[in-house]
Amino acid sequence: MQKKQIIQFVVLIMAVILMASAYFGIRTYNKKQEDKAQREEAAAVITLTSFEPDAVTAVSYDYDGSRYEFVKEDGKWKEASQSDLILDQDLFSDFLKSAGAIKAASEVNAEEDPAYGFDQPSRTVTITTTNGTSSLLFGAKNDLMDQYYVKTSESSRIYLADTSVYSIFDRKPEEFEAEETDADTNTDAGADEETDADTNTDAGADADTGTDKGADTDTDAGADTGTDTE
């Protein structure tokens, strides 16, 4: 009886070991499959731009028949042709974050064709960073796919990008303008009050001058009258 129990115990231990081995084997296999899928997914991602906002020193693009050029001077962004336009720096930084992480939807496995529209690009985006200058050229829109043909200045390869990528640059400089704060309003109001106070002070000074003149005239007149009476 004791021998039988020992055999049963050994069989049970072996079964547990086999089950554990199978479990870890399946787990290892699934992990390898997940890693493989992630590598394939990463390889399928087509990166068109990759930069941090702080690395950008200039950016220009076409929109609505005009070309806008933004430059960074003394740590502040401004539109080159509108120096009096104050830009919201945080808002413009968010714009650069979007511009610095552009992905293509797919690659066009065909030779360049005039139908792709690169002879007369619908939009040219030029970005200058601390590493150099590069451009994105947007061609014609593929209405069937609702995507734009696009390529970079570094390669002759042609890609398709979603309309959301194209619309990143559908912005006029005024859309980045900083809103006037209460502090700015109060500052302007204070300046106006100071100006009014200065005006009132000047007016008071003129009035005092007039009073002095009147007093002098009266004194002189009195003096003359007394002389004549005598």
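Biologist: Let me start with one side chain: is Glu174 buried, partly exposed or exposed, and why do you say so?

Modeller: Bearing in mind that this is a predicted model, Glu174 counts as partly exposed because its relative accessible area is 41%, and that value lies between the limits of 20% for buried and 50% for exposed.

Biologist: OK, and where in the chain is Glu174 found?

Modeller: Glu174 belongs to the loop that runs between α3 (163-166) and α4 (182-229).

Biologist: Switching topic, how many helices and strands does the protein chain have?

Modeller: The protein chain has four helices and 10 strands, and of its 230 residues, 24% are buried.

Biologist: What about β10, is that strand mostly covered or mostly open?

Modeller: Strand β10, which spans residues 158-162, is mostly covered, with four of its five residues buried.

Biologist: Which strands does β10 pair with, then?

Modeller: Strand β9 (residues 147-152) pairs with β10 in the antiparallel sense over four bridges, and β6 (residues 106-108) also runs antiparallel to β10, joined to that strand by three bridges.

Biologist: And which residues in β10 are the bridge partners of Tyr149 and Glu107?

Modeller: Tyr149 has Leu160 as its bridge partner, while Glu107 is partnered by Tyr159.

Technical notes:
Residues are numbered from 1 along each chain as its sequence is written. This is a predicted model: local features need pLDDT of at least 70, side-chain atom pairs count only at pLDDT 80 or more; totals for chains, interfaces and linings use all residues. Side-chain values use heavy atoms; hydrogens and water are left out. Buried means under 20% relative accessible area, exposed over 50%, partly exposed in between (1.4 Å probe, protein chains only). Helices (H or I, at least four residues) and strands (E, at least two) are DSSP runs, numbered from the N terminus. Two strands pair if DSSP finds at least two bridges between them.
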